[in-house]
Amino acid sequence: MQRMSADVARRIALGAQGFTDLRPAAATRRHLQRVLSRVQLLQIDSVNVAVRAHYMPLFSRLGSYEASLLDDAAWTHSARKPRMLVETWAHEASLVPVGDWPLFHSGAKKRGWWQNYQTILERSPQLVDEVLAAVKDLGPIGAGALEKALLGDSGRSKGPWWDWSEVKRVCEVLFGVGVLTTGTRRSFERLYDLTERVIPSDVLAQKWTPESGARELVLRSAVALGVATEPDLRDYYRLDPRRSQAAVASLVEDGVLEPVSVDGWRGVAYRHVEAKAPRRVAGRALLCPFDPLIWERARTERIFGFRYRIEIYVPEPRRVHGYYVFPFLLDGELVGRVDIKADRAAGVLRVQSAWAEDGVDRPRVAAELAAELKHMAEWLGLEDVLVVQKGDLAAELIAAS
């Protein structure tokens, strides 16, 4: 088994995620496609403290770009610009390439949380029929409007079999199993539509078994991660463990994955045979908590020596670094972190705390971080960056800003 240094593994991972590609002067649909060919998916999250999660990984890799570039790719369709992305449960709720949609309904993934509501489909088949009929007639339609159409202005059931909460749950189950998907979004509200009206018929016609689906998804994980353990590969799409392990074994047998021993990693890792180790990684990027480079916290600590936890649900007095913290990547290392908030009313990007990792060149980190925060503020249409005096890097960041 080939032995690999931790430094080489880190550079492979960064290259696989697109952090060795140059930022374009003006991002286009072609640049969006390039990033997607690296990361494979964009996680969606409702938190909007700084910017919604699906927009940020593109900024981290491309720099400033028009948000409409992603909106058009995900939620509009025309003959000139076909829809590139569709929503489904992948890592979590995610945007994935349209052509990949059948893979997530092949049986390769582990049980989804929405399956806890499956009994509703059996208990209230008439409600399912009502929901589908309403979406067919009115869609794309939001859950609130759908509930109103089914329940009336009073919120009372038009029939004896369902209530307000069950309408929403049926929508979630039908979305989870792929009967419904997102037709478009309005102010981030998901508007449900029939999957057959969103996904092209030739894509829907694809047939994957749980085994073949898992193999394809592990292959995509391997492309996105470069070098990874089997649990890393499995987590990228939240696959069933048995399916993932069998898929890894199959890809090793076919010579697509190469087992390697990485210094400091426990257990066997697997390198995609086409993954390259760049000689150096230069540049800087702010990473949102749901960036695929860092969303698996154990992997982040293993690769970068960077312990990272999201503290949104931690009571404020017990938070260590802040509410919504962005790690800062500089020349291939995670060198600091900032708790940031876009204060749109005041027109400023607020840095509510700033922290440096041990042993870094603090003046350089502060200068580079200040420049990247300014770039992010401009991208968000904010006029200034305001740094609060909190955190061990705050004073130097204030001086550099």
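The order is 1-9-10-8, and the pairing is mixed.

**Ground rules.** I am working on a predicted model, where local features need pLDDT of at least 70, side-chain atom pairs count only at pLDDT 80 or more, and totals for chains, interfaces and linings use all residues. Residues are numbered from 1 along each chain as its sequence is written, and side-chain values use heavy atoms, with hydrogens and water left out.

I took helices (H or I, at least four residues) and strands (E, at least two) as DSSP runs, numbered from the N terminus. I counted two strands as paired if DSSP finds at least two bridges between them.

Entry: Strand 1 pairs with strand 9 (residues 257–262) in the parallel sense, over three bridges. Gln2 stands opposite Val260 there. I then looked for a helix on this sheet. Helix 10 (residues 210–225) packs on it and touches strand 8, strand 9 and strand 10 (269–272). Contact here means heavy atoms within 4.5 Å. The direction of helix 10 makes about 85° with that of strand 10.

Entry: I found another open sheet, in the order 11-12-13-14-15, with mixed pairing. Strand 11 (284–286) and strand 15 (384–387) are at the edges; each has a single partner strand, so one side of each is left without a neighbour. Neighbouring strands are turned by 30° against each other on average, direction ignored. Strand 11 and strand 12 (residues 325–330) pair in the antiparallel sense over three bridges. Leu286 faces Phe328 in strand 12. I followed the chain past strand 12 and stopped at Asp331, in the loop between strand 12 and strand 13 (333–343). Phi of Asp331 is near 50°, a positive value in a residue other than glycine. Asp331 is partly exposed, with a relative accessible area of 28%. I used these classes: buried is under 20% relative accessible area, exposed over 50%, partly exposed in between (1.4 Å probe, protein chains only).

**Entry: strand 4 and its partners.** Strand 4 (residues 93–97) has four of its five residues buried. Strand 3 (residues 85–89) pairs with strand 4 in the antiparallel sense over five bridges. I noted Glu87 and Leu95 as bridge partners. A hairpin of three residues joins strand 3 to strand 4. Strand 2 (residues 42–43) also runs antiparallel to strand 4, with two bridges. Gln43 has Ser94 as its bridge partner. Further on, Asp100 lies in the loop between strand 4 and helix 5 (118–123). Asp100 is buried at 8% relative accessibility.

**Entry: His91.** Which residues does His91 touch, not counting those up to four places away in sequence? I listed Leu41, Gln43, Asp235, Tyr236, Tyr237, Arg238 and Trp295. His91 sits in the loop between strand 3 and strand 4. It is buried, with a relative accessible area of 5%. Its side chain makes a polar contact of 3.0 Å with that of Arg238. A polar contact is a pair of N or O atoms within 3.5 Å; within protein, one must be able to donate a hydrogen and the other to accept it, and residues adjacent in sequence count only if both atoms are side-chain atoms. A polar atom of the His91 side chain also lies 3.3 Å from the backbone oxygen of Tyr236.

Entry: Most residues other than glycine have a negative phi, and most peptide bonds are trans. Arg238 has a positive phi, near 55°. I placed Arg238 in the loop between helix 11 and helix 12 (241–253). At 22% relative accessibility, Arg238 is partly exposed. Gly139 and Pro140 are joined by a cis peptide bond, with omega about 0°. Pro140 is in the loop between helix 6 (125–138) and strand 5 (141–142).

Notes:
Axes are lines fitted to C-alpha atoms, for helices over the stretch in contact, and angles run from 0 to 180 degrees between N-to-C directions.
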